[in-house]
Amino acid sequence: MNLVCCITQVPDTAARIKLAADGKAIETSDVNFVLNPYDEFAVEEALRLRDQNPGSTVTIVTVGDESVTSTLRKTLAMGADKAVRVNAAGVGPFDAAQIAAALVAAIGKLGPLDLVLFGKESTAANDGQVGPLVAEGLGLPSASVVVKLTVADGKATVEREIEGGVERVTLPLPAVVTAQKGLNEPRLPSVKGIMMSKSKPVTTEDAAPGEPRIELIRLTRPAAKSGGRKLGSVDELIAALRDEAKVI
Amino acid sequence: MAGVLTFAESRDGQFKKAAFEAVAEGRRLADEMGVPFTALAIGPDTDAASLGAYGADRVLSAGQAELKAYSNESYATAVVAAVEHSGADVVLMGATAMGKDLAPRVAARLGAGLAADCTALRLDGGSLVAVRPVYSGKALAEIGFKTPRKVVTLRPNVFGVKSLRENADATVEPLAVALGSNDLRAVVEAVVAAAGGKLDVSEADIVVSGGRGLKTPENFAMLEELAAVLGGAVGASRAVVDAGWRPHEEQVGQTGKVVSPTIYIACGISGAVQHLAGMTGSKVIIAINKDADAPIFSVADYGLVGDVFEIVPALTAAFKKALNR
Ligand SMILES: Cc1cc2nc3c(=O)[nH]c(=O)nc-3n(C[C@H](O)[C@H](O)[C@H](O)COP(=O)(O)OP(=O)(O)OC[C@H]3O[C@@H](n4cnc5c(N)ncnc54)[C@H](O)[C@@H]3O)c2cc1C
Ligand SMILES: Nc1ncnc2c1ncn2[C@@H]1O[C@H](COP(=O)(O)O)[C@@H](O)[C@H]1O
């Protein structure tokens with residue numbers, strides 16, 4: 001199978017986010033960037049499918065600047081075969097359509113596809129939009145927020161999470177899926193994997209992101225939720241909910 | 001032409017709460033822009049006229065049988081048909097499992113800019129600005145659009161429905177959708193409801209969440225009972241999901257669900273940043289923790305310092321009394 005997995009890097013989940021002076025970006029100097037947590041599930045699933053289907057390859061694709069290289073190396077250390085970095089110059093902040101356009105162009109060069117995997121969303125952009133946008137761009141069927149995936153007879157059968165349950169969907173391959181927690185338990189890179197990753201190819205190409213579709217006007221801080229009061233009893237709480245917060 | 005179109009999501013003919021919110025916000029925005037507002041219902045058996053109560057005067061109803069089960073491609077075709085038919089340039093829908101799956105397809109087909117999971121919409125000198133949380137709620141991004149058409153999904157439970165119009169049935173116009181050969185290639189075989197048909201944390205108006213302070217999975221029965229009294233849902237910290245005490249779909253936080261209920265009750269949860277990222281949008285936060293210094297108290301409107309095993313049963317009893325249940 002020709003398996004493609006799109007990944008991005010994000011501030012580690014414990015990072016404090018400080019806004020840059022121009023309000024258009026975050027301060028990155030103190031921030032540790034890691035593989036997007038949901039992309040770990042996507043990479044793991046691609047690796048499992050490869051191992052079940054001899055002769056398969058897993059190609060990692062990302063749109064980003066040079067700083068993403070160490071994150072790409074991590075996916076290679078997990079076991080992916082090769083990686084493509086699409087230079088992000090010209091891609092506006094949070095512009096999922098531009099990222100998707102750049103990915104569609106790059107994935108188009110990887111030959112006939114079987115499955116393209118994404119994370120459910122990036123914990124930086126919180127969009128959850130790049131995967132389905134790429135599906136539309138490649139003209140492929142898709143299922144997002146997938147917690148179970150089986151591939152057989154040229155079809156993918158997935159369970160996608162919906163409110164209060166799951167939807168079981170069958171898609172003809174090639175197809176696009178986005179991975180949700182629960183799909184698998186991502187492996188950690190082994191020492192051998194890390195050694196082997198050093199000789200795996202990472203190629204770089206320029207992006208074709210097209211025109212920007214959105215504009216980041218500015219980033220702001222959410223209104224700080226100030227800690228309220230500690231109450232002495234359950235009855236005081238009920239009274240506060242009724243008379244002060246007026247929610248019951 | 002200009003106008004606002006809201007896709008009002010339904011399953012099995014029942015509109016979702018997120019659909020009512022998106023219709024009400026669509027009406028508000030259309031009025032502010034001074035343009036017509038149209039709602040769209042997809043699938044057979046919807047009571048499309050009932051959207052009048054939420055502000056729709058006109059509803060397009062794409063009721064053909066092939067649209068009974070959701071598929072992102074067929075539904076995208078229907079939404080695009082409604083956009084062309086109504087001349088709308090702004091498309092709204094709820095940022096639900098369906099809306100987040102569907103909106104990007106619609107945006108791609110319309111060549112539209114897309115803002116997902118927005119928590120506010122406003123006009124700035126006549127231009128639409130969408131506000132959406134990024135970095136898991138640690139910052140807000142104000143997004144402007146560079147495209148004539150715009151697609152926006154709205155975070156559930158944030159916009160609310162401020163008032164209902166009485167005796168306000170909308171005019172319903174059938175919309176025939178010409179489906180393409182690809183539209184039904186993804187086939188929904190079944191919708192499997194979670195055990196007990198329980199309410200999803202992301203949809204619940206009240207969420208009672210438990211963490212490691214509950215000590216054992218069995219003790220969550222206490223939270224189930226409190227949630228049942230309040231008509232809410234049970235949520236969980238990642239620690240207890242990873243321990244296998246609770247299912248993944250209940251996890252609240254940065255790598256779980258983002259919830260914005262009216263009341264969030266955190267029981268035996270310390271309040272790690274990753275957990276806070278999922279629940280600080282709640283209107284009223286109540287924390288119950290035996291450690292007076294637990295970080296959860298820094299975001300809680302009301303805190304009770306003490307043992308969950310004493311406080312939760314007392315709280316359940318007090319709510320029963322206060323709510324006559
Ligand atoms: C990449 C990443 C992503 C993550 N994503 C998430 C996420 O999405 N959601 C999430 O929740 N976490 C997430 N976490 C984990 C997070 O960092 C915390 O480890 C987790 O939230 C802690 O869960 P907890 O509050 O249940 O447990 P603990 O931190 O162990 O807290 C238990 C609390 O219970 C209190 N307690 C104990 N006994 C009692 C009692 N009898 N009565 C009252 N109180 C009592 C204690 O005082 C303590 O405050 C993530 C972590 C990482 C690294
Ligand atoms: N810059 C990028 N390069 C490659 N893939 C990306 C990029 N940004 C997002 N993705 C993929 O799209 C998913 C959803 O991201 P988003 O729509 O930004 O929330 C991520 O989990 C990745 O799989």
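**Entry 1: the contact between the chains**

I began with the contact, to which chain B gives 88 residues and chain A gives 73 residues. I note that this is a predicted model. Next I looked up the area. About 6700 Å² is buried between chain B and chain A. Carbon and sulfur atoms give 56% of it.

Which residues of chain B lose the most area to chain A? I found Tyr135(B), Glu142(B) and Tyr302(B). Together they make up 12% of what that side buries.

**Entry 2: charges and polar pairs across the interface**

How many salt bridges does the rule find between chain B and chain A? I got 10. I then looked up a salt bridge between Lys181(A) and Asp242(B). Their side chains meet with 3.0 Å from N to O. The cut-off for a salt bridge is 4 Å, so this pair qualifies.

I also looked up polar contacts. The rule finds 43 residue pairs across the interface of chain B and chain A, with both residues at pLDDT 80 or more.

Which helix supplies the largest share of the side of chain B that touches chain A? I noted helix α3 of chain B, residues 97-110, with nine residues. I sorted that whole side of chain B by residue type. It has 46 nonpolar, 20 polar and 22 charged residues.

**Entry 3: where ligand 1 sits**

I moved on to the ligand. Ligand 1 lies between chains A and B. I found 27 residues around ligand 1. Those that come nearest are Lys215(B), Ser237(B), Thr255(B), Ser270(B) and Asn289(B).

What types of residue form the shell around ligand 1? I noted six nonpolar, 15 polar and six charged. Three helices of chain B each supply at least two residues of this shell: α5 (238-242), α6 (273-279) and α7 (308-323).

**Entry 4: atoms close to ligand 1**

I checked single distances next. An N or O atom in the side chain of Ser270(B) is 2.7 Å from an oxygen atom of ligand 1. For Asn289(B), I again read 2.7 Å, from a side-chain N or O atom to an oxygen atom of the ligand.

How much of ligand 1 does the protein bury? Taken alone, ligand 1 exposes 990 Å². I wrote down that the protein buries 79% of that area.

Definitions and conventions: Residues are numbered from 1 along each chain as its sequence is written. Chains are lettered from A and ligands numbered from 1 in the order in which they are written. This is a predicted model: local features need pLDDT of at least 70, side-chain atom pairs count only at pLDDT 80 or more; totals for chains, interfaces and linings use all residues. Side-chain values use heavy atoms; hydrogens and water are left out. A residue is near a molecule or strand if one of its heavy atoms lies within 4 Å of it. A polar contact is a pair of N or O atoms within 3.5 Å; within protein, one must be able to donate a hydrogen and the other to accept it, and residues adjacent in sequence count only if both atoms are side-chain atoms. Accessible areas come from the Shrake-Rupley method with a 1.4 Å probe; for residues, only the protein chains shown count as cover. Helices (H or I, at least four residues) and strands (E, at least two) are DSSP runs, numbered from the N terminus. Ala, Val, Leu, Ile, Met, Phe, Trp, Tyr, Cys and Pro count as nonpolar, Asp, Glu, Lys and Arg as charged, and the others, Gly among them, as polar. Contact means heavy atoms within 4.5 Å. Buried area is the accessible area (1.4 Å probe) that two parts lose on being put together, summed over both.
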